[in-house]
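Here is a short briefing on one protein model. Please keep the sequence and the structure open beside the text.

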Amino acid sequence: MLTRMPSRHALTAVLGLLALTAALLTAAPPARAAVPAFELRPLVPAGPDHQERLRAEVEYWTLGKMADAGLNNEDRDATAPPGGWDDLSKPWPREHGRISRTAGKIFMEYTDVETGATSTSSCSGNVVSSANRSVVLTAAHCLRIHTPLDVGFGNVVATNMVFVPGFDGANLPRDTSSTRLPGKDIAPYGVWGVTRQWITHTWSQSADWLLGRDMAAVVVANPDDPRPIAEVTGGQEVAFGQPQNQTHHVFGYPTINERNHYRPGNVPAALQRTFDGRSLMVTQGTTHNDPVYYNDVLAGAQSPGCSGGALLQNFDPATGAGVQVGVFSRYDDPAQIIGILGWVQGPNMSSTHFGAEEQAVYNAAQAASPA
């Protein structure tokens, strides 16, 4: 989920009661009637000033703002567990295969709908093959959240968002107020502004994890490069309605590990590790389906900052190519009480499995012009 988690305990209490109620309901069938995608307000609308506004969106993200939104602010670098990195989470080699180009880090500035207050955070995303070659998939909560009674996250929307494919934070100082823009060492394929954004119909009705369907698609453009992003980075294939209970890989940029950060005494040693938001990480294993949320659940150690990261099937480590069938949404944990499987099986990574609603979102995005 998001890097910043204010009022965690208040949010846990409210969502816990709601999620327990949802868990008692009959599981929604995987095949749902097609419903239209929901388009949020364009971040960079078409018009005579489009390029000027796109450049302003991209150049807002100085090194200082990226460090504040996307690193862990804990003065600690990523640290392997005592037994070393493993399939629960491990760094993906830089510049290794297609995924090192298509996966990237998303930086967001939020505005509270009711108070006008602003905040920043970070997520993960992935470039996919599409008709306009301009689509990045991520989690819906990276764009829009409205939690019950406005506790926890409150009522916020993204009002500035950029995507950095192949993000490499090794040279991004943690505590910096630099107003310089990132160079090729940090953004090897450039910084891409999000122009338009879509979420699932379900998330537009309940933007709080209660009903699931936590998926979004955005269209991106670069003020310094007229090419579509997939021409620069390539794109992962994408598929919908695929069988569950498969071997999957999840890629993302985790910033902290809340299981370790908030309650280390209750977490198995194998799941305790430190992330810093600088590096692309991968978790791999066999998923099982969550009958309540139609999610793919995987034992893993990634958490906030990995939100929106790609869930790939048929992944080839040699080429870095696979088929995206989901996006990481949340981790299920008895302390958080979101999702019945969190109670039964302990900490897990839970990804939205792509079905009809997610396909509608993808189709809307790939049919749009980046401008």
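Glu39 counts as partly exposed, at 30% relative accessibility. Its salt-bridge partner is Arg196, and the closest N and O atoms are 2.8 Å apart. Glu39 sits in strand S1 (residues 38-39) and Arg196 in strand S8, so this pair ties together parts that are 157 residues apart in sequence. Arg196 is partly exposed too, with a relative accessible area of 24%. All of this comes from a predicted model.

**Overall make-up**

- The protein has nine helices and 17 strands.
- It counts 371 residues, and buried residues make up 60% of them.
- Take the contacts between residues at least 6 apart in sequence: 78% of them join residues at least 24 apart.

**Salt bridges around Arg55**

- The structure holds eleven salt bridges.
- Arg55 bridges to Glu59, with the closest N and O atoms 3.4 Å apart.
- Both residues lie in helix H2 (residues 50-59), four residues apart, or about one turn of the helix.
- Arg55 is partly exposed, with a relative accessible area of 30%.
- Glu59 counts as partly exposed at 39% relative accessibility.
- Arg55 also meets Asp224 in a salt bridge, at 2.9 Å from N to O.
- Asp224 lies in the loop between S9 and helix H6 (229-233), while Arg55 is in helix H2, so the pair ties together parts that are 169 residues apart in sequence.
- Asp224 counts as exposed, at 59% relative accessibility.
- Elsewhere, salt bridges that share partners join Asp77, Arg174, Asp276 and Arg278 into one network.

**Lys105, a buried charge**

- Lys105 belongs to strand S3 (residues 103-112).
- Which side chain of opposite charge is nearest to Lys105? That side chain is Asp276, 7.7 Å away.
- Lys105 is buried and has no salt bridge. A salt bridge needs a side-chain nitrogen and a carboxyl oxygen within 4 Å.
- A polar atom of the Lys105 side chain does lie 3.1 Å from the backbone oxygen of Gly277.
- Leaving aside neighbours within four places in sequence, the contacts of Lys105 include Gly70, Ser122, Cys123, Val162 and Phe163.
- Val164, Phe167, Tyr253, Thr255 and Gly277 are also among the contacts of Lys105.

- Is S9 enclosed or open, and why? Six of the six residues of S9 are buried, so the strand is largely enclosed by the rest of the structure.
- Ala216, Val218 and Val220 point one way from S9, and Ala217, Val219 and Ala221 point the other way. All are buried.
- S5 pairs with S9 in the antiparallel sense over four bridges.
- Across that pairing, Leu137 stands opposite Ala217 in S9.
- S8 and S9 also run antiparallel, joined by six bridges.
- Here Gln197 has Val218 in S9 as its bridge partner.

**Helix H9 and its cover**

- Helix H9 spans residues 356-366.
- Its buried residues are Glu357, Glu358, Ala360, Val361, Tyr362, Ala365 and Gln366.
- What covers these buried residues? The cover includes strands S5 (135-138), S8 (192-199), S9 (216-221), S10 (237-238) and S17 (348-353).
- Helix H5 (201-205) is also included in that cover.

- Arg133 has a phi near 55°, a positive value in a residue other than glycine.
- Arg133 lies in the loop between strand S4 (118-127) and S5.
- With a relative accessible area of 39%, Arg133 is partly exposed.
- Arg213 is not a glycine either, yet its phi is positive, at about 60°.
- Arg213 is placed in the loop between H5 and S9.
- Is Arg213 buried or exposed? At 3% relative accessibility, Arg213 counts as buried.

Methods:
Residues numbered from 1 in each chain as written. Predicted model: local features only at pLDDT ≥ 70, side-chain atom pairs only at ≥ 80, totals over all residues. Heavy atoms only, no water. Helix = DSSP H or I, 4+ residues; strand = E, 2+ residues; numbered from the N terminus. Buried < 20%, exposed > 50% of the residue type's maximum accessible area, 1.4 Å probe, protein only. Lys, Arg positive; Asp, Glu negative; His and termini not counted. Polar contact = N/O pair within 3.5 Å; in protein donor to acceptor, adjacent residues only side chain to side chain. Contact = heavy atoms within 4.5 Å. Pairing = 2+ DSSP bridges.
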